[in-house]
Amino acid sequence: MLDSVRIARRQSEIRQSLAELVGKESPTEDETRQMGELDTEYRANETRYRAALIAEDTERRDAGSELETRSAQEWADLMSGFEMRQVALALDEGRQLDGQTAEIVQELREQGGFRGIPVPWQALEQRAGETVASGTPDPISTRPIIDRLFPDSVASRMGAQMISIDHGEVEYPVTTSSVSAGWATSETGNVSGPTTYATTDRAMKPEQNLGIQMRITRRALKQSGAALEQAVRRDMSGAMGAAMDAAVFLGTGANGQPLGVITGASTYGINEEGVNGDAAWSAFRAAVVRFMAGNAAGSPAAVKALIRPEVWSYMDAQLITNTAVSEWDRMVRNIPAGNIAMSTNALEAPTGSTVLPTKALLTTNAGGVAPIFVGAWGAVDMIRDPFTDAQSGGLRITALATMDVTVARPAQLEILIGVNTAST
């Protein structure tokens, strides 16, 4: 029993005893002395009660933080025990899954149909001290989120959020109207309005399938042993991460690809600003100002930038007159270097013979809402092909994933066009 509860009960008993004694018109000497003792004990207990509450409040906070993180930690511990090696051996030799791997696969099978062996997305993580966070509420729709499916991917660095979807389509209603307030023009006048409150649905559909095929030779199966797990995980995460980055930003929306945010800027309603000049901090500063003027960002540090390496090379070589400060130094002084991602996979290469223009993407996280949503349906479906490599004793595995991309609020993104990386 808590000390505070025990003291509170004793205080109640003292008050009851005092009520009986005080009600007597002519108490005896013993009863008078007893009233004094009870009063002294009651005063002392008040001090002890406050001290007990302070001590127990600290204990409750410690226990509360432990309870808040216990479920996530238990899930992370469970996922850390998933072995890709068991999946490969089960597909190759028919070996039974066991331990945490079997438990996870069984739970995934209960949530959806898979032709092969379902593999959770977290199993493709690089497990070098990486902590898996799951069950976090999404800002728009309460769903479990995989924060870092591929920790080094450009999509995650630009603030894209992975949304785990069981089945069906998902829509995100986003406010598109401007409800405004107004003052009454006179004592009996009406306030302004009414103003229409309208929303636009941003949908994600399970229409795009991303897949990779891996051919594992018999020699690799016999030689690698437990090391095969890390090799399979690295190859899968690298291949799928590169394909995801390209699709999130440059997806054509045709030939089975989702519509990327740069390719589909006009469809998503993303502002495309023409720089048509040399890559300089002034061009990025103007975009940051537009974000802040539109209440999408509170400071330059809240903005993330995606650029080509050629932009960094050009800006770093452009020194301010009579100084050793480059345009790149000015940029990282305002936008943290950790908020700048360089990629040759997520942006098209500069084209031309003189100025070599390219594009840049700026995003910001406004009100806890990610600028880009990447939906993943279910888990990665691992399917074995037992016939193609049967003569050589090899193992061919196909990994299938259903994914889609959408933009909730286009005001959180801006594309800079004509960022030149060479002088005329």
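How are helices α9 and α11 oriented relative to each other, roughly parallel or roughly perpendicular? Point 2 takes this up.

1. Basis. This is a predicted model, in which local features need pLDDT of at least 70, side-chain atom pairs count only at pLDDT 80 or more, and totals for chains, interfaces and linings use all residues. Residues are numbered from 1 along each chain as its sequence is written, and side-chain values use heavy atoms, with hydrogens and water left out.

2. Helices α9 and α11. Helix α9 (residues 281-293) packs against α11 at an angle of about 25°, and the two axes are 9 Å apart. The two helices are therefore roughly parallel (angles under 35 degrees; over 145 is roughly antiparallel, 65 to 115 roughly perpendicular, and the rest oblique). Axes here are lines fitted to C-alpha atoms, for helices over the stretch in contact, with angles from 0 to 180 degrees between N-to-C directions. Helices (H or I, at least four residues) and strands (E, at least two) are DSSP runs, numbered from the N terminus. On the α9 side, Trp281, Phe284 and Arg285 meet Glu327, Arg330, Met331 and Asn334 of α11; contact means heavy atoms within 4.5 Å. By class, this contact has 3 nonpolar, 1 polar and 3 charged residues. Ala, Val, Leu, Ile, Met, Phe, Trp, Tyr, Cys and Pro count as nonpolar, Asp, Glu, Lys and Arg as charged, and the others, Gly among them, as polar.

3. Helices α10 and α11. The axes of α10 (residues 309-317) and α11 (residues 327-334) come within 5 Å and cross at roughly 110°. That makes α10 roughly perpendicular to α11. Trp312, Met315 and Asp316 of α10 make the contact with Glu327, Trp328 and Met331 of α11. The residues in this contact are 4 nonpolar, no polar and 2 charged.

4. Nonpolar cores. A nonpolar core is a set of buried Ala, Val, Leu, Ile, Met, Phe, Trp, Tyr and Cys residues joined through side-chain atoms within 4.5 Å. Buried means under 20% relative accessible area, exposed over 50%, and partly exposed in between (1.4 Å probe, protein chains only). The largest core has 58 residues, of which Met236, Phe249, Val261, Leu306, Leu361, Ile372 and Met382 touch the most other members. Helix α7 (residues 227-250) gives the most to this core, with 7 residues. A second, separate core of 22 residues includes Trp281, Ile307, Met331 and Ile340.

5. Glu414. This residue is in strand β13 (residues 413-420) and counts as buried at 4% relative accessibility. Its side chain makes polar contacts with those of Arg290 at 2.5 Å and Asn271 at 3.5 Å. A polar contact is a pair of N or O atoms within 3.5 Å; within protein, one must be able to donate a hydrogen and the other to accept it, and residues adjacent in sequence count only if both atoms are side-chain atoms. The C-alpha atoms of Glu414 and Leu362 are 5.2 Å apart, across 52 residues of chain.

6. Asp389. Asp389 lies in the loop between β11 (373-385) and β12 (395-406) and is buried, with a relative accessible area of 5%. The side chains of Asp389 and Arg396 make a polar contact of 3.2 Å.

7. Helix α3. With 8 of its 10 residues buried, α3 (residues 84-93) is largely enclosed by the rest of the structure. Gly94 follows α3 and has a positive phi, near 75°.
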